[in-house]
Amino acid sequence: KGRIRIAAIGPGTANALRAAGLRVDLLPDHDFSAEGLARTFLKKYPTGAKILLPQAKIAHDTLTNILRRAGHRVMAIPVYLTIPDLRSFGKIREWTRRVEKGIVPLTSASIASAFARATRNIRKDRIRVVSIGPITTGAALRAGLQIAAESPQATLDALIETIETVA
């Protein structure tokens, strides 16, 4: 009691926290999404916790809402912005136009939106777009991209395995 506990949404975040010298107390077993973290959290802490949720400014409120409905006090604070580097769009467009056969891995909804924006009005029939998971896939589809495959788990290892199946 009285000690701050740290939860991570997935193994990449957990590794970054550990590299910063922090102890990760809670990590979903396999569903590395807001819902998966909420389920894991609620099993260990059913209600009444005070939760600080640092997140991106564009983060969905799924985790916050699930935890609040369970009776937790959640303070969600945006701590960073995801801003596309518009200077890179020309290079992305050029690569997309010239590539004979290419693969584009999408590791976040922000990247999906930026890639779609960068390649608007460019034929993409020679590339295969691979998504890290359902949230990224949803963002890609809403942005008008076609998804060749979706990773079964939102980890880089699973994404690499998925890429190998479509290469």
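Tutor: Here is a tour that begins with a helix and its sheet, then turns to a histidine and a few charged side chains. First, some ground rules: this is a predicted model, in which local features need pLDDT of at least 70 and side-chain atom pairs count only at pLDDT 80 or more, while totals for chains, interfaces and linings use all residues. Residues are numbered from 1 along each chain as its sequence is written, and side-chain values use heavy atoms, with hydrogens and water left out.

Let's take helix α7, which spans residues 156-166; helices (H or I, at least four residues) and strands (E, at least two) are DSSP runs, numbered from the N terminus. Its buried residues are A158, L159, T162, I163 and V166, where buried means under 20% relative accessible area, exposed over 50%, and partly exposed in between (1.4 Å probe, protein chains only). Viewed down the axis of α7, these buried residues fall within an arc of 140°, so they line one face of the helix; the arc is taken from the directions from the helix axis to the C-beta atoms. The other side of α7 carries the exposed residues D157, E161 and E164.

What covers that buried face? Among the elements covering the buried residues of α7 are β3 (102-106), β4 (127-131) and β5 (149-150). These three strands form an open sheet in the order β3-β4-β5, with parallel pairing; two strands pair if DSSP finds at least two bridges between them. The edges are β3 and β5, each pairing on one side only. Between β4 and β5 there are two bridges, and V130 has A149 of β5 as its bridge partner.

Helix α7 lies across β3, β4 and β5 and runs at about 150° to β4. Contact here means heavy atoms within 4.5 Å, and axes are lines fitted to C-alpha atoms, for helices over the stretch in contact, with angles from 0 to 180 degrees between N-to-C directions. Helix α5 (residues 109-118) also lies across part of this sheet, namely β3 and β4, at about 140° to β3.

H72 sits in the loop between α3 (62-69) and β2 (73-80), and H72 is buried at 4% relative accessible area. Leaving aside residues up to four places away in sequence, H72 touches F41, L42, Y45, P46, T47, G48, A49, I51 and L67.

Finally, the charged side chains. R3, R23 and D25 are linked in a network of salt bridges, each being a side-chain nitrogen of Lys or Arg within 4 Å of a carboxyl oxygen of Asp or Glu. D25 pairs with R3 at 2.7 Å between the closest N and O atoms. D25 lies in the loop between α1 (11-19) and α2 (34-44) and R3 in the segment before α1, so this pair ties together parts that are 22 residues apart in sequence. D25 also meets R23, at 3.1 Å from N to O.
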